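Welcome! Have a look at the structure below, and then let us walk through it together.

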Amino acid sequence: MRLVDDPAANLKREAGEQAALLVEGGMVVGLGTGSTAAFVIAALARRHQEGLRFTAIATSERSAKQARDLGIELSDFGHHDAIDLTIDGADEIERGSLNLIKGLGGALLREKIVAAASRKLVIIADERKMVRHLGEHTAVPVEVTPFGWESTARQLGVLGARVSARHDRVGTLFVTDGGNMILDCNFGVIDDPAGLERRIGEIVGVIESGLFIQRASLVLVAGADGVARYERA
Ligand SMILES: O=C(CO)[C@H](O)[C@H](O)COP(=O)(O)O
């Protein structure tokens, strides 16, 4: 999305720039994916030019390209047992729990792998992303293996979802960085996100869902009055 098309771009930038200040010299840092995370990468590139040295791991080919183009060298995730800090965006953030829906940008699998290995996951967003209950506005993206995906879709339907296979702009099936597909699963408001994550994960053919339960450590939300901080208890 071009910045001029995004009415929340300034808020995303504010949250992204604050989050980038959390990176300290010598850290192993996970770089998220999406238009908000792109502001973090840009801010970190400026800090890198000023002399800050850190090890960066990208959660998508898109973020990897942006980082490299801006002079940030990347390291292979497989070479690290743990990541000190990952900064990423989200599609929905549940107010009380800080549980998340992620994956509208299609990078949920690598994002979840990197999040799971991170000592601290900082989520950045503009205030439109905050909801009372997950599922209010957003379907849950589920990454599935292409083989027999229609059968996997039917099983997700049995869990109560309206399922649609994601397509790209030219109308062909969307392919993730891992060569998989995404099924967008609309469950409506989700009463039990942890139970739903478990049930989705039990379906053979599912690789991961975009439900991120108890993973965010800190959420920075930019709004008209500045950037609010929410820490997970
Ligand atoms: O999960 C993601 C990509 O897989 C993104 O973090 C999420 O979609 C938010 O994107 P944006 O900052 O562009 O609103």
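How many helices and strands does the protein chain have? The protein chain has six helices and 14 strands. Its radius of gyration is 17 Å, close to the 17 Å that the globule rule gives for 233 residues, so the chain is as compact as a globular protein of that length. Taken along the principal axes, the C-alpha atoms fill a box of roughly 55 × 35 × 35 Å. Please keep in mind that this is a predicted model.

**Around the ligand**

Next, turn to the ligand. It is surrounded by 18 residues, and the closest are Gly 34, Ser 35, Thr 36, Gly 89 and Gly 105. Sorted by class, this shell holds nine polar, five nonpolar and four charged residues. Helix 2 (35-49) and helix 4 (108-116) each contribute at least two residues to the shell. The largest share, three residues, comes from helix 2.

The table lists two pairs.

| Helix pair | Angle | Distance between axes |
|---|---|---|
| Helix 1 (residues 9-20) and helix 2 | about 45 degrees | 8 Å |
| Helix 2 and helix 3 (residues 61-69) | about 25 degrees | 10 Å |

Take helix 1 and helix 2 to begin with. They pack at an angle of about 45 degrees, which makes helix 1 oblique to helix 2. Their crossing is right-handed. On the helix 1 side, the contact involves Lys 12, Arg 13, Ala 15, Gly 16, Glu 17, Ala 19 and Ala 20, which meet Ser 35, Thr 36, Phe 39, Val 40, Ala 43, Leu 44 and Arg 47 in helix 2. This contact has seven nonpolar, three polar and four charged residues. Ser 35 and Thr 36 take part in this contact, and they are also among the residues closest to the ligand.

Now for the other pair. How do helix 2 and helix 3 lie, roughly parallel or roughly antiparallel to each other? Their angle is about 25 degrees, and angles under 35 degrees count as roughly parallel, so helix 2 and helix 3 are roughly parallel to each other. Helix 2 passes helix 3 in a right-handed crossing. Here Ala 37, Ala 38 and Ile 41 of helix 2 meet Ser 63, Gln 66 and Ala 67 of helix 3. The residues of this contact divide into four nonpolar, two polar and no charged.

Note on methods: Residues are numbered from 1 along each chain as its sequence is written. This is a predicted model: local features need pLDDT of at least 70, side-chain atom pairs count only at pLDDT 80 or more; totals for chains, interfaces and linings use all residues. A residue is near a molecule or strand if its C-beta atom, placed from the backbone, lies within 6 Å of it. Helices (H or I, at least four residues) and strands (E, at least two) are DSSP runs, numbered from the N terminus. Ala, Val, Leu, Ile, Met, Phe, Trp, Tyr, Cys and Pro count as nonpolar, Asp, Glu, Lys and Arg as charged, and the others, Gly among them, as polar. Axes are lines fitted to C-alpha atoms, for helices over the stretch in contact, and angles run from 0 to 180 degrees between N-to-C directions. Angles under 35 degrees count as roughly parallel, over 145 as roughly antiparallel, 65 to 115 as roughly perpendicular and the rest as oblique. A crossing is left-handed if the near helix is turned anticlockwise from the far one by less than a right angle, and right-handed if clockwise. Two residues are in contact if their C-beta atoms, placed from the backbone, lie within 7 Å. The radius of gyration is taken over C-alpha atoms; the globule rule is 2.2 Å times the number of residues to the power 0.38.
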